[in-house]
Structures are given as structure tokens and as C-alpha cells.
Amino acid sequence: SHSYVIAVLPGDGIGIEVMPPALRCLEAAAKVFGFHLEWRHYPWASCTYYHQHGKMLPDNWKPLLQACDAIYFGAVGDPATVPDHISLWGSLLLFRREFDQYINLRPCRLISGVTSPLANRDGKHIDFVTVRENTEGEYSSIGGRIFEGTDRETVIQNTVFTRIGVDRVIRYAFELARSRPAKKLTSATKSNGISITMPYWDERVEVIGKEYPDVKVEKYHIDILCAHFVQRPHIFDVVVGSNLFGDILSDLGPACTGTIGIAPSANLNPSATRGESGDTWMPSLFEPVHGSAPDIAGKGIANPVGMIWAGQMMLEHLGEKDAANAVMGAIERVLKVSRSAQLRGESDILTPDMHGKGTTEGLGRAIEEEIL
Ligand code: NAD
Ligand code: IPM
Ligand code: MN
């Protein structure tokens, strides 16, 4: 039977709370479907580690992660004690960059049992995937401050679009759209205002689109696209966007499905192959969309579904499709049944972000038991 080595990086805040139930769910799936998951637990990539060592990572972080088939990541950030750009550029953003995880897949679905804040929406109305460019764009390291401390103080940060970087994410999105029934791709742009980089993005969508005559393409400026996410979410199938636009849309989309607490994220390097030597392998990283949520950390009420669903995407990526389907099915059944129980005034295991009184532990256990 197959065996997979997984780096486990819980990080900070609720990352530490949602990781254990998620590991138990994946172990349950491994047991049922007859494969083995070997967890390599690491305390680094966290602000706790930063306080102890003065840095986010040990010097040998790269070979340690490259020895793994995939990375399972909680959430990082403790803005009260470490500036976010230090903790994030010292961990998650560095991994995305160093392992060239150029695709960030963020599915968004309205799941029965989770109440949408939008009126009159049910499951068939929200079901799309955001494909976010994940290594360049607005998240560049090019820029700086000049005339600091004077009245001419100036800060500049350049957006970087490379042909390779733009084309590979757009092509990936077209392939994904082609594989889905609706065969529709929506491109997020802002070429009316951002007059150099965004027209280039539009141009590449148009050029690459010629290779995909079977895929219907639409483009919207990011402002009205946000409005459509709220008012017409049913029109979306695959949505492709730059690093920043993809980031924003992938919180907005899940918020329209009730809570960002259920949303998963796969940071993929689809070109990576595992060769003779470990040093060229670039593992992909699976994480919830949400952050460390300092406002609810330590209370035991974080929604574990985003973490579990991210694990489901990891199983799919590893080739364990049946196990992945079983985990998704368990999430869906538990959420639906739990809402019914809540409405009947029976047990309430939905977490507060889903308008329940449940706990991380309780909801996690229910999903684990449903898988077994
Ligand atoms: P956040 O996602 O941590 O929290 C935003 C809001 O959503 C909070 O009210 C929080 O309680 C709620 N929330 C988030 N996840 C939830 C869950 N699973 N269950 C219930 N409620 C949930 O975003 P933020 O407040 O902007 O950021 C907090 C810290 O996390 C910052 O340091 C930020 O940089 C970091 N962050 C990290 C990641 C990551 O590691 N991938 C992602 C986003 C933010
Ligand atoms: C995400 C997060 C990160 C991002 C932050 C924490 C740097 O918001 O994964 O969506 O902007 O990519
Ligand atoms: Mn984000």
C-alpha cells in the first residue's frame, strides 16, 4: 500500500487548534482506504518559534520540506507581537516563492447546512473555483522607500507580470475550465485604471483563449466583479486573477457561502516532478484560506472544515481520489445533518461562524466518525 510523508506546520493561533482534528480525519480516510500517512510535525513557521529563535525557520527548512510529498499548513501570524510581513514573508510567502507554487486553487461552494448571507441562494447557485496567480504580480519584492522621514517621503512597490508567470496561470485556468461542465472562464482585471500591467494580463487571456475555442471567456474589472460575486454568484465557474485580486476574491467568495472558516486552498507547483535527487523537488502546500484568527484563538471554537477540506485537496493531489471523495462526502453530510439537528433543537455542533454553539473538537470528531 502507498505511504506518504507529510510535513505538518500548524503555525499560530487557530492553526494549532484546527490541525489535530484535521489530521484525525485524514488518518481515518487512510485507514478506510488502505494507505499510510507519515506526519513530520514541525513547530517552526510560527511566531512562537520566532520568539524563541529570532527567525521564522531553521536553516535547514528547505531539505526538511523537500523530503516530504506535501506540506500541510495551518495559519501563521501574531500581529500583536510580530509584524505580519515578517512572519508571512518568513514562512508561507517564502514557501510559495521558493517552491514555485504558482497556482493557488481556491474552490468556493455553498454547502447545504451552511447558511449564506445572500438571500435565496442554495447549493446550485455558488460553485466555482478561483485560480490565483501565486508567485508574482502585486506581491513583488521590488520597490523601496526614499526620502524617509522628510516631507518628500515616497514608497514604491512594483507589480511584476512575467510572460511565463502570467501565461502558466491563465493556461491552467483554461484547462480547468475545459474540464468542467460549464466550460466558462472569468478573468479579473482592472485594465481601465492600471494601465500597463492589466492590459498585458487581458492581452495574454485573449491570446491563450484562442487555444481554447470551447471555453467561454468573460472579463470583468475587479470592482464590478466583487459586486457580481455578491449579486450574481451563479454566473461563475472558473475565475482567474492576479495574486492580489485572487486573494481578495477568495475571501469574498467563501464569505458569500456563509463563512471563510470552511474555505480550502491548494498551493500547487504542477510542473514539479520528483527526480533522483531530493534538492530539486518542489512540494505543494495545502492550507485553509483563513488566517490565525487571534480574536477567537484559544477558545476552541474555530471552524475546522477549511483545514479538513484543504486535507481533502491534498489527498486528491496525492492520487488518493476515493479517500478524497469520502472526506468531502463526510464534510457535506455532517454539515447538513448538523443544521437539521440544530433546527430541531437537538444537538448543535456547528461552530459559531456557522451560527451554532459547537466546538472545533465536536465538529472535527463528527466528520472523523462519518469517514470511518
Ligand atoms: P483571519 O482569517 O485570521 O480572521 C478573519 C476573521 O475571520 C476573524 O474574525 C476570525 O475570527 C474569523 N475566522 C477565520 N477563520 C475562522 C475559522 N476557521 N473559524 C471561525 N472563524 C474564523 O484574518 P485576519 O484577522 O486578517 O488575520 C489574522 C492573522 O492571520 C494575521 O497575522 C494575518 O496576517 C494572518 N493570516 C494568515 C494566513 C495564512 O497563514 N494563510 C491567511 C490570512 C491571514
Ligand atoms: C492568503 C493570505 C496571505 C496572502 C497573507 C497571510 C500573506 O491572506 O493566503 O490568502 O495574502 O496570500
Ligand atoms: Mn487571503
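**Strands, pairs and neighbours**

Reply: Let's start with one facing pair: Tyr72 stands opposite Phe286, a residue of β12. Keep in mind that this is a predicted model.

Me: How do you know that strand β3 and strand β12 pair?

Reply: Two strands count as paired because DSSP finds at least two bridges between them. Strand β3 (residues 70–75) and strand β12 (residues 284–288) have three bridges, in the parallel sense. So the pair passes the cut-off of at least two bridges.

Me: What order do the strands of the open sheet have?

Reply: The open sheet has 10 strands, in the order β2-β1-β3-β12-β11-β4-β5-β10-β8-β9, and the pairing is mixed.

Me: What makes β2 and β9 edge strands?

Reply: β2 (36–41) and β9 (216–221) each pair on one side only, and they are the edge strands.

Me: How many bridges join β8 to β9?

Reply: Six bridges, and the two strands run parallel. In that pair, Ala188 has Tyr220 of β9 as its bridge partner.

Me: Why is Thr186 called buried?

Reply: Thr186 is found in strand β8. The label needs 20 or more other C-beta atoms within 10 Å. Thr186 has 24 C-beta neighbours inside 10 Å, so it counts as buried. Its strand is mostly covered too: five of the six residues of β8 are buried.

Me: Which residues does Thr186 touch, leaving out those up to four places away in sequence?

Reply: Thr186 touches Glu218, Tyr220, Phe236 and Val239. As for Pro10, it is 176 residues from Thr186 in sequence and 33 Å away in space, C-alpha to C-alpha.

Me: And why is His53 called exposed?

Reply: His53 lies in helix α2 (residues 47–53). His53 has 11, so it is exposed. His53 and Glu27 are 26 residues apart in sequence and 32 Å apart in space, C-alpha to C-alpha.

**Domains and ligands**

Me: How is the chain divided into domains?

Reply: Domain 1 is 1–101 + 265–372, and domain 2 is 116–257. Their C-alpha centres lie 25 Å apart. The contact takes eight residues from domain 1 and seven residues from domain 2. On the domain 1 side, helix α5 (residues 92–98) gives the largest share, three residues.

Me: Which residues are around ligand 2, and what classes do they fall into?

Reply: Around ligand 2 you'll find Leu88, Leu93, Asp247, Val289 and Gly291. By class, that shell has three nonpolar, one polar and one charged residues.

Me: How many residues surround ligand 1?

Reply: 23 residues surround ligand 1, and the closest are Gly77, Gly261, His290, Gly291 and Asn303. That shell has 11 nonpolar, eight polar and four charged residues.

How values were computed: Residues numbered from 1 in each chain as written. Chains lettered and ligands numbered in written order. Predicted model: local features only at pLDDT ≥ 70, side-chain atom pairs only at ≥ 80, totals over all residues. Near = placed C-beta within 6 Å. Nonpolar A, V, L, I, M, F, W, Y, C, P; charged D, E, K, R; others polar. Domains from an automatic or database assignment. Contact = placed C-beta atoms within 7 Å. Helix = DSSP H or I, 4+ residues; strand = E, 2+ residues; numbered from the N terminus. Buried ≥ 20, exposed ≤ 12 C-beta atoms within 10 Å, placed from the backbone.
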